[in-house]
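Trainee: Could you take me through one part of this model closely, the sheet and what packs against it? I would like a single connected account.

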Amino acid sequence: MKGLQYQLKSVLRDKFCLMTFLLPILVAVALNFMGSIDMSSLGELHFGVLENDLSPQTITWLERYGPVTAYETPEELTAAIREPSTNVIGVQTDGDSLQTAIAGDELDIFQQAAATLPVLYERRETAAQVEVQTLDRPDLLESVQGIFIPAVLIVAMFMGCTFNAMNIISEKEDGVAFVNEILPMTPSQYILQKVVVGFLFGSLSSIVTACICFRMSGLHLETMLLLIVLSAFVASLIGLFIGKLSEGLMTGVVYIKIVMLLFLAVPLVCTLIGVSGPLAVICNLVPSQPAFDGIMALSAGNMGTAIKDIGILAIHCVAWFALYVLISTRCKKHAT
């Protein structure tokens with residue numbers, strides 16, 4: 001128990017570990033907050049005109065497509081058009097037609113609108129007879145959140161890897177690792193002492209993130225909890241390997257970044273390109289893949305796939321634990 005208390009105090013003093021614990025939670029809050037923002041105005045057309053230049057009928061016609069702002073002088077209108085943060089289309093009279101002006105740095109959709117507007121104005125009477133069907137505006141972030149939220153939860157689940165790796169590396173640099181080698185501890189006791197802290201922090205970060213991102217109950221909640229527990233345990237074990245292989249802080253940070261990149265890249269690529277067959281089996285060798293697939297399955301209500309992924313994660317837990325015990329036992333025998 002004293003060993004666990006020491007590990008806990010060591011982690012609480014490490015700002016890097018605290019940052020990795022809070023980062024997924026903050027990102028989950030940001031994603032939820034962004035999902036509540038109406039971003040439809042970003043795709044609207046904005047027009048700039050000179051006062052007393054266009055007729056009231058023309059301004060009313062322009063307001064059908066977007067807000068119209070009147071400027072007192074041509075200089076003010078030119079400055080508004082050239083402003084990099086806006087997509088204002090300047091509109092002036094050109095006889096019986098309209099003349100548009102843009103800065104040239106706008107998105108293609110606004111440049112096309114500026115080029116089409118004079119022709120559309122000339123044919124406005126014919127266009128008014130066309131029957132228009134208004135469809136519901138799609139949520140711009142819905143498809144993105146469907147992938148981002150599981151990815152953030154994967155990061156939270158595998159935070160225990162960072163906790164344990166940084167803890168062991170710090171002990172190496174402080175000389176505590178030499179003391180641990182002569183203590184009367186079995187490999188299983190050492191693993192328990194090291195894994196528990198990273199496992200608890202990773203699980204807690206994942207649970208908080210899942211509560212922010214998902215609204216589940218009953219069997220779905222229990223399945224998500226199993227995914228979190230198994231993933232956090234595997235991540236903690238992998239953190240032990242990184243800490244054992246790293247000779248210094250910079251080496252450990254590089255290893256952690258490589259592992260986290262692998263944890264994120266494999267499930268994202270598998271999801272985007274739809275991997276199946278033998279390649280999907282190979283991808284399941286990366287523990288984040290069944291965790292990601294299980295989260296996506298739960299979001300879609302597919303309990304069968306989620307339970308299958310839980311079984312794969314359980315195999316990962318047994319395999320990584322047995323491998324570390326085997327390596328630690330052999331290393332201790334060679335040291336003695």
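Mentor: Two strands are taken to pair if DSSP finds at least two bridges between them. On that basis, in this predicted model, 4 strands form an open sheet in the order E2-E1-E3-E4, with mixed pairing. E2 and E4 are the edge strands, each of them pairing on one side only, and neighbouring strands of the sheet are turned by 35° against each other on average, direction ignored. Within the sheet, E1 and E2 pair in the parallel sense over 4 bridges, and Leu50 stands opposite Tyr71 in E2.

Helix H5 (residues 108-122) packs on this sheet, where it touches E1, E3 and E4, and its direction makes about 170° with that of E4. Helix H4, for its part, lies across E1, E2, E3 and E4 and runs at about 140° to E3. The buried residues of H4, which spans residues 74-82, are Leu77, Ala80 and Ile81. These residues sit on the same side of H4 because they cover an arc of only 100° around the axis. In general, an α-helix has 3.6 residues a turn, so residues three or four places apart point the same way. Glu75 and Arg82, on the other side of H4, are exposed. The cover over the buried residues of H4 includes strands E1 (46-50), E2 (68-71), E3 (88-94) and E4 (97-101).

As for the setting of this part, the protein has 15 helices and 4 strands, and buried residues make up 40% of its 336 residues.

How values were computed
Residues are numbered from 1 along each chain as its sequence is written. This is a predicted model: local features need pLDDT of at least 70, side-chain atom pairs count only at pLDDT 80 or more; totals for chains, interfaces and linings use all residues. Side-chain values use heavy atoms; hydrogens and water are left out. Helices (H or I, at least four residues) and strands (E, at least two) are DSSP runs, numbered from the N terminus. Buried means under 20% relative accessible area, exposed over 50%, partly exposed in between (1.4 Å probe, protein chains only). The arc is that of the directions from the helix axis to the C-beta atoms. Contact means heavy atoms within 4.5 Å. Axes are lines fitted to C-alpha atoms, for helices over the stretch in contact, and angles run from 0 to 180 degrees between N-to-C directions.
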